Amino acid sequence: MRNKLKMILSALAGVLISMGPAFAGPNGDVRSSDWQIWLQEPASPTADRIVAFNGQLMVIETLIVIFVMGLMAYIAYRYSAKNNPVPSKTTHHVGLEVAWTILPIFILVGITIPSLKHLYFADRTPDAEMTLKITGNQWYWNYAYPDQNNLTFDSIFVPDDELKPGQPRMLTVDNKVYLPVETNIRLLMTSADVIHNWAIPSLSVKLDTVPGRINETWTRIHEKYVGKTIYGMCSELCGVNHGFMPIAIEAVSKEDFAKWVKQAQAKFASDDPKANVIVRLASAKVTR
Amino acid sequence: MANVRQKNAKTAVVLFSVVAGMIGLAFASVPLYRIFCQTTGLAGTPSIRSQAPEKATDIDFKVRFDANVNTELAWKFKPLQKEITLKLGEERLAFYEATNLSDKTITGSAVFNVTPLKIGQYFVKIDCFCFTEQALRPGETVQMPVSFYVDPAIYEDKNTRDVKTITLSYTFYPVKDEQKVSAVRPSATPGNKG
Amino acid sequence: MANAAGAHHDEHHDHYPSFFSRWFCSTNHKDIGTVYMFVAMFAAIIGGGMSWYIRLELAEPGIQFIQDKQFYNVLLTAHGFLMIFFVVMPGTIGGFGNWFVPMMIGAPDMAFPRMNNISLWLLVVALLMLLISAFVEGGVGTGWTVYPPLSNSIYHPSPAVDFGILSLHLAGASSILGAINFIVTIFNMRAPGMTLHKMPLFVWSILVTAFLLVLALPVLAGGLTMLLTDRNFGTHFFDPAGGGDPILWQHLFWFFGHPEVYIIILPAFGIISQIVSTFSKKPVFGYLGMAYAMAAIGVVGFVVWAHHMYAVGLDVDTRAYFTAATMVIAVPTGVKIFSWLATMWGGSIEFKTPMLYAFGFIFLFVVGGVTGVTLANSSADLVFHDTYFVVAHFHYVMAIAAIFAMFAGWYYWIGKMSGKQYSEIWGKIQFWIFFIGVNVLFFPQHFAGLAGMPRRIPDYPDAFAGWNYVSSIGALITAVGTLLFFVILIRTYASGAKAEQNPWGVGATTLEWQVPSPAPFHTFEDQPDMSGKAPAE
């Protein structure tokens with residue numbers, strides 16, 4: 001009985017999940033597409049689990065809604081004043097009341113147990129091969145690679161009138177953050193000013209950057225996303241340009257990542273940290 | 001009627017004192033939250049003890065170091081080592097370096113936490129530059145030490161056993177109230193626990 | 001207020017005070033309730049107008065109307081504050097609560113009539129201050145959650161935020177005084193024989209709500225005071241630079257904020273229970289279960305607050321606890337839904353406008369409730385936090401559901417309040433327009449949220465254009481439905497048919513249907529005696 005139920009559930013969930021790849025973004029990029037009605041395609045082990053779990057949840061919830069709607073439709077027809085002129089006097093039924101208290105508890109326990117497993121999986125701290133440090137700023141992201149000789153750069157929104165053909169509006173940044181695929185990456189997050197949130201839907205990563213403290217999570221990008229750009233947006237109201245600090249990750253092979261690090265170190269090396277500080281102080285004054 | 005009035009007044013007094021109590025609780029939550037975080041290690045709050053256990057284990061463990069400076073503070077601040085490999089229970093010393101980039105003496109103080117957040121109680125600081133405020137003369141560079149160990153109990157707790165690496169992070173902020181600043185310390189040199 | 005003039009030549013011989021002292025210095029629970037509802041409708045026009053302006057901006061990608069992005073943030077912040085503190089709370093608690101709690105328990109008036117007046121006018125002042133704050137030097141663009149550091153003096157230096165905080169202080173004080181008044185009235189002023197277990201469920205809902213207010217609002221007041229001193233007097237409660245912690249604000253805010261959503265929805269439960277029972281011509285099924293389900297929701301509501309903070313960086317065990325605790329809430333809410341269905345089961349249902357709204361409420365509440373189960377999972381929250389899925393969820397389960405309960409209550413009680421009955425056919429048309437409107441408005445937001453669209457942004461990637469366009473069309477339909485409601489309201493007062501003492505027949509058993517319509521200035525000539533009678537409902 002339980003196995004059968006599980007089979008039906010996972011079959012139904014399978015239908016929903018199979019819709020996932022249908023929502024691969026335009027140009028093979030990992031972002032949402034027109035009229036999308038489901039989660040973005042999962043690009044990390046955590047996202048695989050969350051998308052599947054959400055599929056199961058949605059099946060259970062849809063069934064509950066259909067059940068209640070069905071009851072309401074039946075009641076509206078069968079017990080309308082026309083069809084049932086004399087109301088019954090029933091106001092208690094212990095069995096029924098116990099049933100509708102106990103049954104939801106079983107359903108909820110059935111949801112909570114896998115949910116907590118996914119939660120602990122997403123929090124698991126696997127032996128990370130590299131670290132990416134993310135600092136939220138009003139209104140751009142700063143990325144640092146402490147294991148790559150502390151390579152540091154800012155990633156700033158590209159406004160509509162500066163877009164090149166093919167670049168998606170509202171999501172394009174000047175410097176993408178490069179990450180190797182099939183690599184456990186430790187993500188450290190903090191903020192230089194207010195609370196931001198570094199969120200990548202297809203990686204199931206969503207964590208606040210809080211000033212004065214550091215948060216940690218992890219991710220691992222699937223191999224098949226080599227050469228693809230994975231997009232996300234700031235997900236905590238952080239002031240005027242909250243909607244205009246997108247995140248763009250370029251997923252690359254480990255070899256290409258090593259090459260990129262060399263190039264990037266040359267490119268961003270000219271940034272004098274002292275000059276940087278002064279520039280930021282000045283910009284901080286202007287924006288306030 | 002008079003009876004009801006008295007009763008009403010009595011009930012109202014009780015309710016007003018509940019309101020007052022809840023306001024008091026809101027303010028009491030400030031120290032309570034701090035104490036709660038310190039005793040349970042919640043939100044990655046490290047423990048503070050006076051000395052490390054006498055015997056270290058032989059389990060390897062990594063501690064990484066991270067540094068941040070608030071935009072209002074014209075300092076450069078970085079760890080002098082990216083990471084340390086140590087044994088659980090072994091006391092170690094690590095250094096950070098701060099440089100005052102401005103032409104004024106500036107005082108800063110550091111806030112800190114460790115990640116993963118769940119291991120706060122197992123990361124133990126014995127002494128740290130962050131316990132006091134730091135004043136830097138114009139252009140001055142100082143090295144600031146922190147001594148710590150990782151409690152071997154981390155390996156016995158099934159929730160934290162999977163953790164092999166801890167990141168220790170500091171953020172320096174300017175001290176706003178200049179009156180409270182202690183004199184420029186002569187002790188901010190390697191080897192001295194500040 | 002049209003009835004003020006007409007009331008003088010009515011058949012009952014109440015002596016009404018002059019216009020000014022009747023409406024401004026009122027100590028009469030019914031008049032105060034009327035003014036509360038007037039305030040709620042006024043705020044609803046402004047708060048609703050703001051949301052329609054937001055949807056207008058979001059109808060197409062790109063910036064169309066709101067060039068100043070700070071103003072966009074001000075709009076969404078003010079929309080939240082207005083709808084929560086100045087529409088739903090004054091409407092359900094201040095309006096219907098004041099009108100019908102004393103009547104339903106057979107009390108002559110509230111326990112402290114003068115304090116009732118203070119509550120009312122504190123709220124009006126708070127509303128004015130909030131409206132001022134939106135137009136002072138850039139306004140409050142922090143979201144209704146006012147998270148520091150964004151709300152502190154560095155990132156929001158203008159006095160607008162201080163105005164906003166003081167406005168919330170006043171609204172909070174108003175609600176606390178009102179809540180104390182309700183608790184004292186319900187505890188001490190019931191008619192003989194009206195035991196707690198005989199009280200109508202609407203009274204129960206207000207009682208539980210009042211306790212939530214008394215326990216939750218002082219915490220907000222404390223937190224706001226700390227925010228105010230952080231902003232103006234150099235304290236560091238929430239400032240990491242001085243050893244404070246911005247996350248502490250979030251804990252304090254949501255310790256208040258989560259009970260607040262039950263403060264919004266519990267009175268709606270009460271109204272819907274009365275209506276479902278009346279139009280099914282049956283007493284409420286499982287009365288005690290219903291009453292104690294509300295109490296249980298109130299209690300559990302205090303231990304689930306951090307499910308609003310899953311993304312902030314809580315350690316994993318904390319999130320596991322809050323996931324499990326949040327799931328528990330689905331049990332008593334399930335009991336409520338099934339009890340409403342069982343009340344209707346076997347009934348003889350008349351689909352008058354209030355009953356249509358009750359059906360609509362149950363539909364919205366179930367849809368919003370199941371998405372709430374999704375959001376309760378800290379794991380699933382990794383994709384849903386701060387997306388439009390959350391926006392769709394809370395508008396379904398609490399915001400629009402509460403508005404449905406208010407419409408239901410208005411159609412149900414307007415005869416008793418004004419002495420005039422609404423037009424049934426126009427009421428039904430208004431229901432269907434509004435029902436279709438809100439569903440077209442909010443259902444597509446589930447899809448936008450699943451696809452990853454964040455909240456609180458004035459412009460979005462082009463992929464979200466489709467569902468946002470549909471959603472904005474829904475907003476237009478909702479606007480038509482709302483305007484039609486105001487037309488019906490004016491027509492009812494101007495030319496509505498005279499309301500009978502009990503227009504709803506045998507199902508309407510509570511005490512307010514045993515006094516004339518409109519309810520006389522002094523409700524009861526003799527105090528009713530409920531000894532030996534069955535539970536009112």
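Reader: What is the order of the strands in the open sheet of 5 strands in chain B?

Author: Welcome to this predicted model! The sheet in chain B is open and its pairing is mixed. Its strands follow the order 4-2-10-6-8.

Reader: Which strands of chain B are the edge strands of this sheet?

Author: An edge strand here is one that pairs on one side only.

Reader: Do strand 2 and strand 4 of chain B run parallel or antiparallel?

Author: In chain B, 5 bridges join strand 2, residues 60-69, to strand 4. Across this pairing, F61(B) stands opposite L86(B). The two strands run antiparallel.

Reader: How many residues does each domain of chain A bring to the contact between them?

Author: Let's turn to chain A, where the assignment gives domain 1 as 2-123 and domain 2 as 130-283. Between them, these domains bury about 1500 Å², with 53% of it on carbon and sulfur atoms. Domain 1 of chain A brings 18 residues to the contact, and domain 2 of chain A brings 18 residues.

Reader: Which helix of chain A gives the largest share of the side of domain 1 that touches domain 2?

Author: Helix 2 (45-78) and helix 3 (94-123) of chain A each supply at least two residues of that side. The largest share is 5 residues, and it comes from helix 2 of chain A.

Reader: How many salt bridges are counted between domain 1 and domain 2 of chain A?

Author: The two domains do have polar contacts, with 9 residue pairs counted. For salt bridges between domain 1 and domain 2 of chain A, the count is 0.

Reader: What area is buried between chain B and chain A?

Author: The size of an interface is often given as the accessible area lost when the parts come together. Here, 28 residues of chain B are in contact with 24 residues of chain A. R64(B), T71(B) and L101(B) supply 25% of the area that chain B buries against chain A. Carbon and sulfur atoms give 47% of the area buried between the chains, which is about 2100 Å².

Reader: Which residue of chain B forms a salt bridge with D147(A)?

Author: There are 4 salt bridges between chain B and chain A. In the one that involves D147(A), the closest N and O atoms are 3.5 Å apart. The partner is K82(B).

Methods. Residues are numbered from 1 along each chain as its sequence is written. Chains are lettered from A and ligands numbered from 1 in the order in which they are written. This is a predicted model: local features need pLDDT of at least 70, side-chain atom pairs count only at pLDDT 80 or more; totals for chains, interfaces and linings use all residues. Side-chain values use heavy atoms; hydrogens and water are left out. Two strands pair if DSSP finds at least two bridges between them. Helices (H or I, at least four residues) and strands (E, at least two) are DSSP runs, numbered from the N terminus. Domain bounds come from an automatic or database domain assignment. Contact means heavy atoms within 4.5 Å. Buried area is the accessible area (1.4 Å probe) that two parts lose on being put together, summed over both. A salt bridge is a side-chain nitrogen of Lys or Arg within 4 Å of a carboxyl oxygen of Asp or Glu. A polar contact is a pair of N or O atoms within 3.5 Å; within protein, one must be able to donate a hydrogen and the other to accept it, and residues adjacent in sequence count only if both atoms are side-chain atoms.
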